[in-house]
Amino acid sequence: MSQLFTPYDLRGTSVRNRVWVSPMCQYSAVDGLPGDWHLVHLGSFARGGVGLVMTEASAVSPEGRISPQDTGIWNDEQRDAWARIVDFVHGQGAVAAVQLAHAGRKASTRRPWDGRGSVAEEDGGWETVGPSAVAFPGLREPRELTAEGIAGVVDDFAAAARRSLEAGFDVIEVHAAHGYLLHEFLSPLSNRRSDEYGGSFDNRVRLLLDVVRAVRAAVPEETPLVVRISATDWAEGGWTADDAVELARRLREADVDLVDVSSGGNVPADIPVEPGYQVGFARRIRQEAGIATGAVGLITEAKQAEEVVAEGSADVVFLARALLRDPHWALQAAHELGVEIGAGVHWPDQYRRAALD
Ligand SMILES: Cc1cc2nc3c(=O)[nH]c(=O)nc-3n(C[C@H](O)[C@H](O)[C@H](O)COP(=O)(O)O)c2cc1C
């Protein structure tokens, strides 16, 4: 009996299996609007049998975009463009999640295939903000957020959460990983503030907890809330796995349902990348903080994903690149694991003949 293809209950929202789409920027939006590309990209994962489809990092404000081509959810036009995609995802029996993001000091950059680096204001870029005026190496120096600016960020996340539900999304994920704004506040390497948002651990986690509480208050009680964190900066003097465990405890107390456990991204670092290299962090947080976790990072094989869930390292797995290579990864995995068509796996009627042998 496959654990991977056993339904998962996320705060009352039943997800048909534990193969979930990890958020993936497509750098293909105009004015923050998702378009046909996003419909086909995300729609193909839903058709391909995953339990939950997560959008790419979608900015809560224009200055929170990583690149000028990021999707957003700061206005009603964007909400309506997302609604079409959410409807298709639902039509395929998958749960729809949105990743709400603010890129902080890593905003206003060129998309990867245009060579990375900061986009100048005259080329459509903008002034970036961060906890402190400390640049990510190679990118422009951000402006230190004022207390008023911080309150604005909290409001933007709450408004975006509200708009996401209007678009039909079932689940909200707050992006607090990969060196973007909320992670920048967590890490002493990027946060040099001396006010109540910097210095001690309590102060550095304050913004994320403020955002989580504001989002929680902005949505109905039954809405599942997920937070993606980096479990470590992989760098001397930075954010550590011990910090991540303590943060996860506080997230649980703040009514977060699941922690999506990634790592790195706040400073350049040597990361010991190998299959399942972040699974251990998900396991530790699940065991020591008593909160559900998602594991992500080089999970590519059906048996490997099955093991992660079956051995209790995580409740679900998030897949990114394996799904780009094969949007039907979940159907293929179910086939390989010998899972019968039923609650955990749904072959579209049009594709059923592929399930037979
Ligand atoms: C094309 C691409 C875009 C990505 N964009 C995002 C993103 O928007 N938000 C995020 O949290 N992670 C993003 N990531 C990271 C993935 O979600 C995932 O954590 C990482 O790729 C490791 O998983 P994998 O080995 O299954 O690819 C992206 C990864 C890829 C390959």
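Ser-108 is buried, its relative accessible area being 0%; here buried means under 20% relative accessible area, exposed over 50%, and partly exposed in between, with a 1.4 Å probe and protein chains only. The model is a predicted one, in which local features need pLDDT of at least 70 and side-chain atom pairs count only at pLDDT 80 or more, while totals for chains, interfaces and linings use all residues. Residues are numbered from 1 along each chain as its sequence is written, and side-chain values use heavy atoms, with hydrogens and water left out.

Although Ser-108 is not a glycine, its phi is positive, at about 55°. You will find Ser-108 in the loop between β5 (95-101) and β6 (129-130); helices (H or I, at least four residues) and strands (E, at least two) are DSSP runs numbered from the N terminus. Asp-255, also not a glycine, has a positive phi near 75°. Asp-255 sits in the loop between α7 and β10 (258-262) and is partly exposed, at 35% relative accessibility.

## Helix α6 and the cores

Let's turn to helix α6, residues 206-218. Its 13 residues reach 18 Å from first C-alpha to last, close to the 18 Å expected at 1.5 Å a residue, where the expected span is 1.5 Å times one less than the number of residues. Among its buried residues are Leu-207, Leu-208, Val-211, Val-215 and Arg-216. The buried residues of α6 pack against α3, β8 (171-176), α4 (181-186), α5 (201-204), β9 and α7.

Leu-208 and Leu-251 have the most contacts inside the largest nonpolar core, which has 88 residues; such a core is a set of buried Ala, Val, Leu, Ile, Met, Phe, Trp, Tyr and Cys residues joined through side-chain atoms within 4.5 Å. Helix α3 (residues 147-167) gives the most to this core, with seven residues. Beyond residues up to four places away in sequence, Leu-208 touches Val-174, Ala-176, Leu-182, Leu-186, Val-227, Leu-247 and Leu-251, contact meaning heavy atoms within 4.5 Å. A second, separate core of 15 residues includes Leu-10, Val-15, Leu-258 and Val-296.

## Around Thr-232

Thr-232 lies in the loop between β9 (225-230) and α7 (241-253), and at 10% relative accessibility it counts as buried. A polar atom of the Thr-232 side chain is 3.4 Å from the backbone oxygen of Trp-239. Leaving aside neighbours within four places in sequence, the contacts of Thr-232 include Trp-239, Ser-263 and Phe-281.

Note on methods
Polar contact = N/O pair within 3.5 Å; in protein donor to acceptor, adjacent residues only side chain to side chain.
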